[in-house]
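Here is a friendly note for a colleague who is opening this model for the first time. Please keep the structure in view while reading the points below.

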Amino acid sequence: MTPITASSSVPAVPAVPAAARVSMAFGGALLAGVLTSYGQGVTGLSSVANSAGPWFIVAVALLLVMRVRGGRVGLPVAMVTGIVLLELLHVGYWAASNLRGFPDVLSITSFWVLMGFPAGVLAGAVAVAVRSRDGRWRGAAFGVTAAVLVGEGIRCLLQVAETTGVATWIVEIVVGAGVLLVGVVLARTPVGRVVALGCGVLGTVGVLGAYVLLS
């Protein structure tokens with residue numbers, strides 16, 4: 001074996017092809033949908049698996065795996081891809097639930113299928129903004145993500161905690177607050193921090209209001 005010296009060059013790791021990243025993200029969305037169905041039958045995970053916040057986080061994470069970019073073309077593509085990922089989550093959930101003997105209908109008129117459209121657009125925008133060099137956009141991305149988690153957590157405490165318990169929703173709120181704190185730190189500028197806090201607070205009110213209105 002030839003020893004590695006300071007002058008030895010280490011071969012560069014080849015970049016993952018774009019097609020491979022796309023296939024991994026789409027496959028990951030289907031798998032996450034399948035796991036959601038199984039998770040709903042596990043004590044301690046059923047409430048998490050039956051909430052929307054984790055799916056939003058999964059969609060954003062998969063978009064980051066795909067390395068979506070901004071720009072006049074990149075941003076719309078990211079938004080459309082966000083919709084595709086969330087609908088693939090629905091497909092995975094539908095397929096697994098029916099195979100497990102729990103009839104589920106996948107319809108364009110389904111509430112959660114319809115909600116995948118605005119949520120997917122938002123996930124695409126967040127995935128692009130979180131990679132921005134501008135602290136204001138990074139702050140906004142973290143603030144919006146925090147709002148999704150905190151808003152849903154508060155809504156569930158108010159409306160469904162009697163049947164699900166409060167632990168899951170308290171954890172979701174705490175995680176959302178942590179995401180907002182990270183956003184404030186990474187914004188790095190006073191304006192960016194104000195944007196992060198504003199998106200977090202106003203977004204939480206918007207998410208909570210939307211849940212209450214639609215329910």
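1. A residue is called buried when its relative accessible area is under 20%, exposed when that area is over 50%, and partly exposed in between. F111, at 35% relative accessibility, therefore counts as partly exposed. Please bear in mind throughout that this is a predicted model.

2. Let us begin with the overall picture. The protein has nine helices and zero strands, so read from the N terminus its elements run α-α-α-α-α-α-α-α-α. The C-alpha trace spans about 65 × 50 × 35 Å along its principal axes. Of the 215 residues, 36% count as buried.

3. Next come the surface and the contacts. The accessible surface of the protein is about 12200 Å², and carbon and sulfur atoms account for 73% of that area. When contacts between residues at least 6 apart in sequence are considered, 71% of them join residues at least 24 apart.

4. How much space lies in the largest pocket? The value is about 970 Å³. Its lining consists of 42 residues, and those nearest the centre of the pocket are A52, W112, M115, E152 and Y211. By class, the lining has 27 nonpolar, 12 polar and three charged residues.

5. Which element gives the most to the lining of the largest pocket? The answer is α5, with eight residues. The elements that give two or more residues to this lining are α2 (46-49), α3 (53-65), α4 (71-99), α5 (111-129), α6 (135-159) and α9 (190-214).

6. By class, the lining of the second largest pocket divides into 11 nonpolar residues, one polar and no charged.

7. Now for the aromatic rings. A pair of aromatic rings is described by the distance of the centres and the angle of the planes. How many aromatic pairs does a search of the whole structure find? There is one. F111 and W112 form this pair, with 4.8 Å from centre to centre and 75° between the planes. Planes over 60 degrees apart count as edge-to-face, so this pair is edge-to-face. W112 has a relative accessible area of 43% and is therefore partly exposed.

8. Most residues other than glycine have a negative phi, and most peptide bonds are trans. R67, in the loop between α3 and α4, has a positive phi near 60°. R188, in the loop between α8 and α9, has a positive phi near 70°.

9. T81 lies in helix α4. Its relative accessible area is 10%, so T81 is buried. Leaving out residues up to four places away in sequence, T81 touches F26, L63 and M66.

10. P118 is found in helix α5, and its relative accessible area of 48% makes P118 partly exposed. The C-alpha atoms of P118 and G178 are separated by 24 Å, and these residues are 60 apart along the chain. G198 lies in helix α9 and, with a relative accessible area of 26%, is partly exposed. G198 and G139 are 59 residues apart along the chain, with 9.3 Å between their C-alpha atoms.

Notes: Residues are numbered from 1 along each chain as its sequence is written. This is a predicted model: local features need pLDDT of at least 70, side-chain atom pairs count only at pLDDT 80 or more; totals for chains, interfaces and linings use all residues. Side-chain values use heavy atoms; hydrogens and water are left out. On a 1 Å grid over the protein atoms alone, a cavity is a set of points where a 1.4 Å probe fits but cannot get out, and a pocket is an open set with protein on both sides within 12 Å along at least five of seven lines; lining residues have an atom within 4 Å of a point. Grid points are joined across faces, edges and corners, and a volume is the space filled by probe spheres set on the points. Helices (H or I, at least four residues) and strands (E, at least two) are DSSP runs, numbered from the N terminus. Ala, Val, Leu, Ile, Met, Phe, Trp, Tyr, Cys and Pro count as nonpolar, Asp, Glu, Lys and Arg as charged, and the others, Gly among them, as polar. Buried means under 20% relative accessible area, exposed over 50%, partly exposed in between (1.4 Å probe, protein chains only). Contact means heavy atoms within 4.5 Å. Accessible areas come from the Shrake-Rupley method with a 1.4 Å probe; for residues, only the protein chains shown count as cover. Rings of Phe, Tyr and Trp (its six-membered ring) pair if their centres lie within 6.5 Å; planes under 30 degrees apart count as stacked, over 60 as edge-to-face and the rest as tilted.
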